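Subject: Structure handover

Hello,

Here is the structure for your review. My notes follow below it.

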Amino acid sequence: MVSTLDQLKDELNSASQEHVLQFWSELDDQERDAFWKQLSTVNFKNSNHLFERAQRSLATDTEKLDERMEPIPSEHFASQLSVDEAELERYENAALEEIAKGTVAVLLLAGGQGTRLGLSYPKGMCSVGLPSGKTLLQLQAERIRSVVNLAKQKTGKEGGICWYIMTSGATNATTRKFLEANDFFGLPATNVKLFEQGLLPCFDFDGKLLLEDRNAVALAPDGNGGVYRALETSDILADMTQRGVKYVHVYCVDNILVKVADPLFIGYCITKEAECGAKVVSKEEATEPVGVVCKVDGRFQVVEYSEITERTAKLRDASGNLVFRAGNICNHFFSVDFLRAVCEQHERNLKLHVAKKKIAHVDARGEKVKPDTPNGIKIEKFVFDAFQFASRFVTWEVPRTREFSALKNADGAKKDCPSTARRDLLHLHRTYVERAGGFVDPGVDVEVSPLLSYGGENLEKKVRGRRFQSSTILLADNE
């Protein structure tokens, strides 16, 4: 870290980034102080190296991976629909025992601002119009409470799950205030820990750092793969170790059906002694633009639809199933030991994902510019790019209708939007009620509180033989 202006100038000159200080003489003391604080966090030599790696990544992004790919070997793959009930119970019990001992944590990736949804607040605060009005964060917090209660019922032990939430600079304060205002939706405050993902500089196409303002380098969140660096720099990994956490369920905020701390998935991974696991859904069609989990050059990886040809995407096996069908839904299992190894040994080698973007900046005259065409690059890392470092990796396939409905777009898109998320959750709850012996009239919505039932259990007393003719919210006795 530089301590004088002359040292900073020398560092910038040696990195050919001297333009960063072009407006220094025009800044007042307050602006200089803010700029100095930001610049002290930037390693300019490393920034140049980052740009060089980004350039190589752009060059290789057009390469197709077809000839280097192979599907997931059967010994690394299991489907919830094909595993017998006794084995499912074994997986569930294994996880509930660990939850009761406090060795399981969950980690929420919640850095998104919800701009595609048209929101002015973090995506986790979104309500999709359920009868209860519950937000994504409330649903997830209540699922944590519910699975802890299931573990207590099974073992008699009062366990707990720490909810780690990775935010971004844009979402941290608002998310924290929202959770505090709602008393963390019933979770102990000591078991909810927020931390921020890092930032990476934005470059023009010649490798020059872009200035967001006369006294600020343009920075952007480093993607959900920034979780590995943030775990270490925010001392979250140390906190996990201090708490005795061994296993972590990592998921993304925008899946309204996510089974937080899913005992079946966690128990499967624990039973298989996996370091790393991915929950997947079967692709709906060959051309669905979703990444697939597979092997590339003998290592596990997520391959995006754009990285393979249509011919490979449409390949089918003898049973008529897509060969590459394990759709990635950003739902993962990690052992803490594996996370530590990634943080300490592999983070710097994670693949860079580079996008050409229209980046607002100030020009050489200090005037703000909002370009109409891409003028630079933003760089991200993805959480799944750590799969390649696992020697014991497994995948767990689940039914899409029970576990995956993304919330990414405004309702006008008619896909992955609030309307479809609400529809999918209420459809799932209808199946819970009907399976428990209830009857729901066509067009009637019945919402099941997570505090009453985590996955359809404990409903018979409330619904058996009952007919629902109007919108109903089924609550736990203590709600």
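First, a definition: buried means under 20% relative accessible area, exposed over 50%, and partly exposed in between (1.4 Å probe, protein chains only). By that rule Leu136 is buried, because its relative accessible area is 2%.

Some ground rules. This is a predicted model, in which local features need pLDDT of at least 70 and side-chain atom pairs count only at pLDDT 80 or more, while totals for chains, interfaces and linings use all residues. Residues are numbered from 1 along each chain as its sequence is written, and side-chain values use heavy atoms, with hydrogens and water left out.

**Leu136**

Leu136 belongs to helix α5. Helices (H or I, at least four residues) and strands (E, at least two) are DSSP runs, numbered from the N terminus. Which residues does Leu136 touch, not counting residues up to four places away in sequence? They are Lys123, Gly124, Cys126, Val253, Asp254, Ile256 and Leu407. Contact here means heavy atoms within 4.5 Å. Take Ile256: Leu136 and Ile256 are 120 residues apart in sequence, yet their C-alpha atoms are 6.4 Å apart in space.

Domain 1 puts 29 residues into the contact, and domain 2 puts in 22.

Together, domain 1 and domain 2 bury about 2200 Å², with 63% of that on carbon and sulfur atoms. Buried area is the accessible area (1.4 Å probe) that two parts lose on being put together, summed over both.

How many salt bridges does the rule find across the interface of domain 1 and domain 2? It finds 0. A salt bridge is a side-chain nitrogen of Lys or Arg within 4 Å of a carboxyl oxygen of Asp or Glu. For polar contact, the rule finds 9 residue pairs across the interface of domain 1 and domain 2 (both at pLDDT 80 or more). A polar contact is a pair of N or O atoms within 3.5 Å; within protein, one must be able to donate a hydrogen and the other to accept it, and residues adjacent in sequence count only if both atoms are side-chain atoms.

On the side of domain 1 that touches domain 2, α5 (136-155) and α12 (400-403) each supply at least two residues. The largest share of that side, 8 residues, comes from α5. By class, that side has 14 nonpolar, 6 polar and 9 charged residues. Ala, Val, Leu, Ile, Met, Phe, Trp, Tyr, Cys and Pro count as nonpolar, Asp, Glu, Lys and Arg as charged, and the others, Gly among them, as polar.

**Positive phi**

Most residues other than glycine have a negative phi. Glu273 has a positive phi, near 55 degrees. Glu273 sits in the loop between α9 (263-271) and β12 (276-282). Glu273 is exposed, at 58% relative accessible area. Cys330 also has a positive phi, of about 55 degrees. Cys330 lies in strand β15 (residues 326-335). Cys330 is buried, at 13%.

**Ser57**

Ser57 is in helix α3 (residues 44-60). Ser57 counts as buried, at 8% relative accessibility. Ser57 touches Leu352 and Val354, not counting residues up to four places away in sequence. A polar atom of the Ser57 side chain lies 2.7 Å from the backbone oxygen of Leu352.

Best regards
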